[in-house]
Amino acid sequence: MAKFVVLDHPLIQHKMTIIRNKEIGTKVFREMVNEIAMLMAYEVTRDMPLEDVEVETPITTTIKKKLAGKKLAVVPILRAGLGMVDGIVNMIPAARIGHIGMYRDEETLEPVEYFVKLPEDIDQREVLIVDPMLATGGSANMAIDALKKRGAKFIKLVVLVSAPEGVKAVQAAHPDVDIYTAALDEGLNENGYIVPGLGDAGDRLFGTK
């Protein structure tokens, strides 16, 4: 069974409380999302494999660790997922970046895919799908389907706020995908928004309505 991890580090929780506040502006919201993603990267990559290498320090030669094995790709779900990319890539500059474009049909609340562009070797990379919100799970499941269809085998879902309904939906459809979240909220309202949530992450990141 894949992992479901709530990252309750004090710095993450502090910054999450800041971005939930409806009074903060786009600049602060964007900066905080970036910082939270950077902090989350530590835990999300905790199981990355290491290998021994020889290194010569100013004092002596020694054997130490460096990253080995699978390469990384960061794939935001457009458009809100873009707000989390820089924070992760700041920590892992060699990561490739793909994009999956979706929008939510306001009548059915179902996601509609309109764009997919991925690194050519996506089948050889560990993929981090990033999106601030895991609400119904529809967009996440469609994004995971799109990646698997193109050969991706090692996928993690990284989100800021989750609803129990979305977590269950992803676990049911993709029991092999680990989920990392900064908060597990109460649930969804009648419009499919997470409660208490933080509103529409895309609008708050980009200053749109």
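1. Alanine 2 is in contact with Pro175, Asp176, Val177 and Asp178, leaving aside its neighbours within four places in sequence. In this predicted model, alanine 2 belongs to the segment before strand S1 (4-6). Its relative accessible area is 16%, so alanine 2 is classed as buried, the cut-off being under 20%.

2. The mean pLDDT of the protein is 92, and 99% of the residues score at least 70. Among the elements, strand S10 (residues 178-184) has the highest mean pLDDT, 97, whereas strand S6 (residues 99-104) has the lowest, 85.

3. Histidine 174 is located in the loop between H5 and S10. Its relative accessibility is 4%, and histidine 174 therefore counts as buried. Apart from neighbours within four places in sequence, its contacts are Asn141, Ile144, Asp145 and Lys148.

4. Helix H4 (residues 138-149) consists of twelve residues, and the distance from its first C-alpha to its last is 16 Å, close to the 16 Å expected at 1.5 Å a residue. Just after H4, glycine 151 adopts a positive phi of about 100°.

5. Helix H2 (residues 26-44) may be examined in the same manner. Its 19 residues should span 27 Å at 1.5 Å a residue, and the end C-alpha atoms lie 26 Å apart, which agrees. In H2, the buried positions are Phe29, Met32, Val33, Ile36, Ala37, Met40, Ala41 and Val44. Covering these residues are elements including helices H1 (10-20), H3 (82-91) and H6 (201-206), as well as strands S8, S9 and S10.

6. Tyr103, Tyr114 and Phe115 make a nonpolar surface patch of about 340 Å². Phenylalanine 115 lies in strand S7 (residues 111-117). With a relative accessible area of 37%, phenylalanine 115 is partly exposed.

Technical notes:
Residues numbered from 1 in each chain as written. Predicted model: local features only at pLDDT ≥ 70, side-chain atom pairs only at ≥ 80, totals over all residues. Heavy atoms only, no water. pLDDT = per-residue confidence, 0-100. Helix = DSSP H or I, 4+ residues; strand = E, 2+ residues; numbered from the N terminus. Patch = residues over 30% accessible without salt bridge, like charges linked within 9 Å, V, L, I, M, F, W, Y side chains within 5 Å. Areas by Shrake-Rupley, 256 points an atom, 1.4 Å probe, with all protein chains shown as cover. Salt bridge = Lys/Arg side-chain N within 4 Å of Asp/Glu carboxyl O. Buried < 20%, exposed > 50% of the residue type's maximum accessible area, 1.4 Å probe, protein only. Expected span 1.5 Å × (residues − 1). Contact = heavy atoms within 4.5 Å.
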